[in-house]
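Subject: Handover of a structure and notes on it

Dear colleague,

I am handing over the structure below, together with my notes on what was found in it. Please read the notes with the structure open beside them.

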Amino acid sequence: MLLRLLFPSWAFFDRVTEVVRLELRTLDQGGAFTPWHSALLAPSRTLLALVYHPRGTAHVVQQSAVERFSVGVEEQAFDQVAHDIVAAIAWRTVSVATPGSTPWQWRVVAVDHATQSDARVIFESAVQPARPRGAVA
């Protein structure tokens, strides 16, 4: 499974119009959920990135894991390992983005590439409990 994550998913050739995206949201101070936002943003590129770009490589691996998970869900072939990997990516992202402890949720959506709107939900997690203070992602 880990070897498969090192290679990008080529499943996009049959669905050119949709882009798969991992999204997160958290509870705000008032107890309402914040709007969904993209969890995996491509890192900026520099000239050095032509030969050395570890953050870019990590982004490709993470995006590939999300795409492979979405293909499995859509084909009714739920893969617990793929789910756990995407959940860990979401956990790490929310841990960095929100230093406090708050309940949160993640989902995988397919977004129309041309308009970047009309998200079609592929998978939505249950609300995840607040992280204990000092928890390591």
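A residue is called buried when its relative accessible area is under 20%, exposed when it is over 50%, and partly exposed in between, with a 1.4 Å probe and protein chains only. This is a predicted model, in which local features need pLDDT of at least 70 and side-chain atom pairs count only at pLDDT 80 or more, while totals for chains, interfaces and linings use all residues. Residues are numbered from 1 along each chain as its sequence is written, and side-chain values use heavy atoms, with hydrogens and water left out.

Thr26 has a relative accessibility of 11% and therefore counts as buried. Thr26 lies in strand β1, residues 18-26, where strands (E, at least two residues) and helices (H or I, at least four) are DSSP runs numbered from the N terminus. Leaving aside residues up to four places away in sequence, Thr26 is in contact (heavy atoms within 4.5 Å) with Ala32, Phe33, Thr34, Val94, Thr98, Thr102, Pro103 and Trp104.

Strand β1 belongs to an open sheet of 4 strands, with antiparallel pairing and the order β2-β1-β3-β4; two strands pair if DSSP finds at least two bridges between them. Because β2 (37-38) and β4 (120-124) stand at the edges with a single partner strand each, one side of each has no neighbour in the sheet. Between β1 and β3 there are 9 bridges, and Glu18 has Asp112 in β3 as its bridge partner. Between β1 and β2 there are 2 bridges, with Leu24 partnered by His37 in β2. Strand β3 (residues 104-112) pairs with β4 over 4 bridges, and there Arg107 has Glu124 as its bridge partner.

Turning to helix α2 (residues 54-74), its 21 residues should span 30 Å at 1.5 Å a residue, which agrees with the 30 Å between its end C-alpha atoms; the expected span is 1.5 Å times one less than the number of residues. Among the buried residues of α2 are His59, Val66, Phe69 and Val73. After α2 comes Gln76, with a positive phi near 55°.

His59 also lines the largest pocket, as do Arg55, Ala58 and Gln62, among others. Both α2 and α3 (80-97) supply at least two residues each to this lining.

Best wishes

Terms used: 1 Å grid on protein atoms, 1.4 Å probe; cavity = no way out; pocket = protein on both sides within 12 Å on 5 of 7 lines; lining within 4 Å.
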